Amino acid sequence: MSDQNLTKLEIEKMRREYTMASFDISDASANPFDQFGKWFNEAVESQIIEPNSMLLGTQSDSDGPTGRMVLLKGFDYRGFVFYTNYQSKKARQLTADPRCFLHFFWKELERQVLICGTAEKVSDQESDAYFALRPKDSQISAWASNQSSTLESRQALENEFQRLAAEFTDKTVPRPPFWGGFRVSPHFFEFWQGRKSRLHDRICYDLKDGEWQKKRLSP
C-alpha cells in the first residue's frame with residue numbers, strides 16, 4: 001500500500017462521540033465483581049456477539065508482552081475462568097509468570113473493563129465438568145490440536161481430527177490431561193464508560209489489605 005493510499009483513508013479523522021450513558025462513582029457497586037456482573041448482564045441482554053470474548057495479556061522474558069482473544073467461561077468472587085491447552089504458548093507463559101490482564105470491549109455499549117490479576121489452574125473437577133459440556137466435535141478438537149506448535153498443513157490437522165472422530169465414535173470423549181482451565185484472581189478493576197468530548201468516566205477498584213477501594217481516574 002502506498003503512502004497516498006494510506007492518506008486517502010484519513011485515519012486521523014475517524015472518530016465518534018460517546019453519548020449513550022454516564023457512570024459515576026456513586027453508581028458503582030461496593031464490590032467490583034458485582035459491578036462486573038451488572039455490566040456483563042447488560043452486554044448479554046444487548047445481544048452483543050460473544051460478550052464473553054476478552055483479551056488475555058501475558059508476558060515472558062523471551063517473548064515480551066503477548067495478547068490474544070479468549071472466551072470467559074465463568075466468574076464468581078474467586079475470579080474469571082477460561083480454558084485452553086496447557087501446552088499452549090499462553091499457558092506456558094502463565095505458568096512461568098502468572099501476572100496477567102483481561103480486557104473486555106463492548107463497543108455497542110461504549111464500555112470497557114480492564115481486570116489485572118494472577119492466574120492459576122482450576123481444579124481437575126472444574127475442568128472435567130466444563131469439558132463434559134462442550135460439543136463432541138469441540139472435545140475431539142482439544143485432542144487433535146497440539147496448540148501453538150508448528151503445523152505441517154491444514155490437511156494434517158483435519159486428518160488427525162477425522163482419525164480421532166472415528167476412534168471416539170459411540171464413545172465418551174475424556175478430557176485430555178493437557179487441557180483445562182485457568183482462573184484469574186483480580187487485584188485491580190477499571191470500568192470505562194465513553195463520554196462526549198473524550199471526557200470519559202473511569203472508575204477503578206484497588207484491592208488494599210483485603211478491601212476494595214474505589215476511585216475515579218482522569219480520562
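I looked up burial (under 20% relative accessible area with a 1.4 Å probe, protein chains only) and found both Phe-33 and Trp-212 buried. The model is predicted, so I note its limits: local features need pLDDT of at least 70, side-chain atom pairs count only at pLDDT 80 or more, and totals for chains, interfaces and linings use all residues. Residues are numbered from 1 along each chain as its sequence is written, and side-chain values use heavy atoms, with hydrogens and water left out.

I then turned to aromatic pairs (rings of Phe, Tyr and Trp, the last by its six-membered ring, with centres within 6.5 Å; planes under 30 degrees apart are stacked, over 60 edge-to-face, the rest tilted). I recorded a count of 29 aromatic pairs. Phe-33 and Trp-212 are edge-to-face, because their ring centres lie 6.2 Å apart with planes at 80°. I found Tyr-83 and Tyr-130 both buried.

Next I checked charges over rings (NZ of Lys or CZ of Arg within 6 Å of the ring centre and within 35 degrees of the ring normal). The charged end of Arg-111 sits over the ring of Trp-39, 4.2 Å from its centre. I also noted Lys-121 over the face of Tyr-86, at 4.2 Å from the ring centre.

Key: Buried < 20%, exposed > 50% of the residue type's maximum accessible area, 1.4 Å probe, protein only.
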